[in-house]
Amino acid sequence: MTNIENKIFSSYQKDAALYDEIFDSEGQVKEVYQKLFSLYGEHSIEDYVNLNSKAKASFFNQGITFQVYGDKETKEKIFPFDLFPRIIDPVEWDIIEKGSIQRSKALNLFLWDIYHDKNIIKDGIVPMELISSSDNYLDQMKGLDPPEGIYNHISGIDIIKHNDGKYYVLEDNIRCPSGVSYVICNRTALKRALFGVFNHYQTYSVTNYAENLLDLLETVKPHGVDIPNTVVLTPGMYNSAFYEHSYLAKTMGVELVEGRDLFVENDFVYMKTIKGPEKVDIIYRRVDDQFIDPLEFNADSVLGVPGLFSAYKKGNVTLANAPGTGVADDKAIYTYMPEIIKYYLKEEPILNNVHTYHCSRPDELKYVLDHVHELVIKPVDEAGGYGILIGNKLSKKEIELAKEQLKANPRKYVAQPIMSLSVHPTYIDETEEFEQRHVDLRIFTVLGKDKEFVLKGGLTRVALQKGNLIVNSSQGGGSKDTWVLKSI
Amino acid sequence: MYLEYTINYCTNNTYESLVKSAFWQFLIQPETNETQELIAVEFKNSLNIPHEFSINGYGFNSIRVTPKKAFKEIHFYASFTLKKKEIALDLIESKLTIEREMNILNSLYFKVDFESFLKTTSYTQLQNNDRNLYLFDWSLSVLKNLQNLNSWVFNYIKFKANTTTVNSTLDEVITIKHGVCQDFTHLFCAIARLNKIPARYVSGYLHQGNGYFGDSQMHAWAETYVPSKGWVGFDPTNNLFTNSNHIKVCHGKDYKDCAPLKGVVFALGKNKTSHTVQVLSQQQ
């Protein structure tokens, strides 16, 4: 076992209460990280800083930037990148991959059901209010059969490792999940800066994402189309994820279009080109549901294509993801995921859900009332983090107050254990040292006809502020390259 | 016995400045169903722009027009010829007991199947203190209750054009107690849904030969689902069951799903739109 006699880790401070991805509870470096640890250890912190700044420059040079809205001056920023990778061993990865596919498939079957017979509601597994009160449930999708029955072609599943060492899913993103271009660019930057290190590991490639995405999208082409024509539909260059849209179009080898580049005639979709109209069969759209067709949804939208939904309804074009998928990634649906998986697949969930106590159920309410101090209490109908109570941050008086609220209106609340995201050593500019920072992981899953693909890697997001659990890039989060090993 | 109708629909749109880009979707073509059959359709516009027949998001017939040249003024004319069955009013009370009807309305399967037409929308939202505006008498059947509701709505609101707009909420309608067919229908649907009876908003044409209230535009009424009878049409603007004078175009949760004309027009300055509708009948 390697001891921490490593130049760049000499002042690394470990909080015993946190689950560290590199060091085990005895302070030993975990097996998968040992090679990396000793290779990095041969260098000084100055070498590392030097390489890190070169990697950052390469991001600027490639134009991999995002815009932060609301700043006084709009500034292109790079997504802070950290050269110390996260490593996932093959055994753990196998669970993540199988679990992600299972979840995506279950969500797809759920979407089919709630837009057709709604058996899961009739059987009393999921309450009807979850769909009838959801703004993301589109009545226009009822009875519509998307090509090959696929709704959530692309899913982004956010998982964390809790301090019990197990993976938990926090969120399923099945509208327009973004971030996959960072996964690929992080890899490019890391390989450029540290090929000598990368070369010591048998790591799965991530650059095959675009070709697999295109392959799978082509399996769900509209009926009667021989060789489909695919495009990426973007809201435009002012969208914060525009880089990703252009990157995906470029790497898939397809056109990047805005709404105004397309038009609908006799329920077929065409792209305007200098050689005349060209029929479009598959649209990987990165425009939200409400904006895709001003004649059917938000009439003020200038991002969409008038008549697009009619073309879709007639089966003449594939939209990925299908409109109306958003209903299945609502917070309230998340709490039913274990039941949804069992109902459609007759399988036990592979990835854990954060356990949810429904205060509407008397026995669960009793548990919640007795354990307020160790739970997060959330109102079921509030979005954006309003009204959330974190038990271990409440005073005695506040706990009593919370109990009164729960007893007065139990239907309004759910409760979950307080999750602790694992930490990973991350280089911090201010202190010029490695420090523990919380990380999560977004997994990208693609569903096609009888085929699925999980990108062997993922976006590890890092909360750069000490103690902070929020990993979003708009909130000052960064990212790491994520290595999935073929073997240890 | 059949009635033959000809419906003429015209709309004139004028714009202050030149319009370079526009898209229109008309939801004005009568559907074919058990009581009516569309025989002929004629559609024209003053700029001779080609039009397309399609379906909207709910599967109803739509007509789309996309001009490819700039204009300041455009007129549309549509003419539909239709055969309508004389409807013999089936007022025979349901054979089900009131208790059985209640059981059906309260069953989960029923609520799930009719979920769209049981939920409250922005147009059918009643304020808390208005929820007791009209109470059902559950010693009576569903059909009888709906009939009473129809009369109540008819008497509660006075028909008066131009007091409300297409954006008026029920709140405003209840305050001023005046409105047009759209407002009568929204109020009727809101109270029916409050009582767990599926109700849908219907857009169509009314043959006004008999002196009914409607307007010289399109008409609106409601259809409610009565256990064992199916969808039954009520016209609260005229205190009637729907009959052979009612020609249906489409239905939805409220006006928003059924708006006759949706347009995306990129134009500066003011614009003016006018519509006229004429329903002519010829008994056969």
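Domain bounds here come from an automatic or database domain assignment. With that in hand, I noted that chain B is divided into domain 1 (2-85 + 259-283) and domain 2 (98-258).

**Ground rules.** I am reading a predicted model, in which local features need pLDDT of at least 70, side-chain atom pairs count only at pLDDT 80 or more, and totals for chains, interfaces and linings use all residues. Residues are numbered from 1 along each chain as its sequence is written, while chains are lettered from A and ligands numbered from 1 in the order in which they are written.

**Domains of chain B.** I found the C-alpha centres of domain 1 and domain 2 of chain B 26 Å apart. Their contact (C-beta atoms, placed from the backbone, within 7 Å) takes 22 residues from domain 1 and 19 residues from domain 2. On the domain 1 side, S15(B) gives the most, with five residues; helices (H or I, at least four residues) and strands (E, at least two) are DSSP runs, numbered from the N terminus. By class, I see 13 nonpolar, six polar and three charged residues on that side. Ala, Val, Leu, Ile, Met, Phe, Trp, Tyr, Cys and Pro count as nonpolar, Asp, Glu, Lys and Arg as charged, and the others, Gly among them, as polar.

**Chain B against chain A.** I looked up this contact next: 18 residues come from chain B and 19 residues from chain A. H2(B) supplies the largest share of the chain B side, four residues. That side has seven nonpolar, five polar and six charged residues.

**A helix pair in chain A.** The axes of H2 (45-62) and H6 (180-198) of chain A come within 9 Å and cross at roughly 135°. Axes are lines fitted to C-alpha atoms, for helices over the stretch in contact, and angles run from 0 to 180 degrees between N-to-C directions. I therefore call H2(A) oblique to H6(A): angles under 35 degrees count as roughly parallel, over 145 as roughly antiparallel, 65 to 115 as roughly perpendicular and the rest as oblique. Among the residues that meet are A:Leu51 and A:Phe59 in H2(A), and A:Cys185 and A:Ala189 in H6(A).

**A sheet in chain B.** I traced an open sheet of five strands in the order S12-S11-S10-S9-S13, with antiparallel pairing; two strands pair if DSSP finds at least two bridges between them. S12 (240-241) and S13 (246-252) of chain B are the edge strands. S9 (199-206) of chain B pairs with S13(B) over six bridges, and B:Gly204 stands opposite B:Lys248 in S13(B).

Conventions
Contact = placed C-beta atoms within 7 Å.
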